[in-house]
Amino acid sequence: MRMVDVIEKKRNGETLTKEEITFFVEGYTNDVIPDYQASAFLMAIYFKGMTAEEQAYLTMAMVESGDQIDLSQIEGIKVDKHSTGGVGDTTTLILVPLVAACGVPVAKMSGRGLGHTGGTLDKLEAIEGFHIELTEEQFVKQVNDLKLAVIGQSGNLTPADKKLYALRDVTATVDSIPLIASSIMSKKIASGADAIVLDVKTGEGAFMKTEEDAKALAHSMVAIGNKVGRNTMAILSDMSQPLGNAIGNSLEIIEAIDTLKGQGPEDLTELCLVLGSQMVVVGGKAESLEEAREMLKAVIQDGSALELFGRLIEAQGGNPEIIHNTDLLPTAKYQIDVIAEQSGFITKMEADDIGVAAMLLGAGRATKDDEIDLSVGIVLQKKIGDFVKKGDPIALIHSNTRDVEQSVSIIQKHVLIEEKEVKPPRLIGEVITD
């Protein structure tokens, strides 16, 4: 088989076989196929697309390029969740104990963040002593004992995806739906999950800016998951404004605890109930989304989800008392109000730019080598649709320096206040099962 023939076939819009796709992935991963041919192939996919079957073949070839996590010793249906990103996306911290409290084992492997705030691992490390490294034996035992664990990805998972993503990044082929879908799903499948729930963001603060593109990506990922034997569901959710109120690592831990107490922001709570319902259904603990939702509300109300979060923290070396006393978390020296410069209704709150304002405070990384300040960030006081008077606070900055003028300016510039009244954006879009 010659790579030039595979490139030509895809360039002409023809469907590739499993063998041809595997030939490409293995050859490129092993440095047999050069960058220039791989680049040409990726560009052919960008313009000609891939069938659902081709995407499944590409995904599994990437899965098989490296290690695969074996979770077979964990009892029950192991459910994973993936979000395509956003600002203030605290859902993993809430969903892990929430769903586990309903009896579904959640063996979660998460990453660090590059951008607005830290990833799930960075947020958890705001809890003093919390360690994200467990041996495979410890990981399996903890999930069997407690129904939950959150660790960093270890081993050589999907090396083909890492190498291909780096090439896509410099060849203008990142935003290809077949390539995005196979990249995301390869990591989820290699991590050993039996079932996968996807939160696909749409809006200005999301990778997929339009609902049409987000829907296409969701359908592609669900089709891949189901074709390779993982029960997969997805929802579309809005990211035109930050999710919840908190943007920052320890601030998001506090918001997660509030939500598990039933006192969290309305939008964050609702998204967790929707995603959690899907996780409980695919985990085999409820027959319908309605039944699952009632189960989730019950474990919030009786405190068992919050208690389980405390047990997770204790099992991984942290102080479980933080669920009762959030003052134990890192706290910034200064709290500075961002003031509305006119009266009116908030009609726009550009999530990406507010995320940048948080990153400039130290809440996130501009490069992978940057150190995060776990105590800083932004807590929104208002959201789209709210009325504000001139001089009212629209956000509260948590900072370890008084020099926050750049972040204040960004927030004021990208929170639009007008006379016209608007409704908040619809949070939950379509539920996708095929």
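Okay, let's start with strand E9, residues 377-380, and strand E11, residues 393-399: they pair antiparallel over 4 bridges. By pairing I mean that DSSP finds at least two bridges between two strands. Helices (H or I, at least four residues) and strands (E, at least two) are DSSP runs, numbered from the N terminus. Within this pair, Ile-378 sits opposite Ile-397 of E11.

Quick housekeeping: this is a predicted model, where local features need pLDDT of at least 70 and side-chain atom pairs count only at pLDDT 80 or more, while totals for chains, interfaces and linings use all residues. Residues are numbered from 1 along each chain as its sequence is written, and side-chain values use heavy atoms, with hydrogens and water left out.

Back to the sheet. E9 and E11 belong to an open sheet of 4 strands, in the order E6-E9-E11-E7, with antiparallel pairing. At its edges are E6 (246-247) and E7 (334-339), each pairing on one side only.

What lies across E6, E9 and E11? That's helix H15, residues 351-361, at about 140° to E9. Helix H16, residues 405-414, lies across E7, E9 and E11, at about 155° to E11. Those angles are between N-to-C directions, on a scale from 0 to 180 degrees, with axes fitted to C-alpha atoms, for helices over the stretch in contact; contact is heavy atoms within 4.5 Å.

Now E12, residues 415-418. Strand E8, residues 344-349, is joined to E12 by 4 bridges, running antiparallel, and Lys-348 has Leu-416 as its bridge partner.

Last stop, the cavity. On a 1 Å grid over the protein atoms alone, a cavity is a set of points where a 1.4 Å probe fits but cannot get out, and lining residues have an atom within 4 Å of a point. How many cavities of 30 Å³ or more are there? The count is 1. The largest cavity is about 60 Å³, taking volume as the space filled by probe spheres set on the points, which are joined across faces, edges and corners. Its lining includes Phe-24, Asp-161 and Arg-168. Helices H4 (52-63), H8 (159-169) and H9 (177-190) each supply at least two lining residues.

Key:
On a 1 Å grid over the protein atoms alone, a cavity is a set of points where a 1.4 Å probe fits but cannot get out, and a pocket is an open set with protein on both sides within 12 Å along at least five of seven lines; lining residues have an atom within 4 Å of a point.
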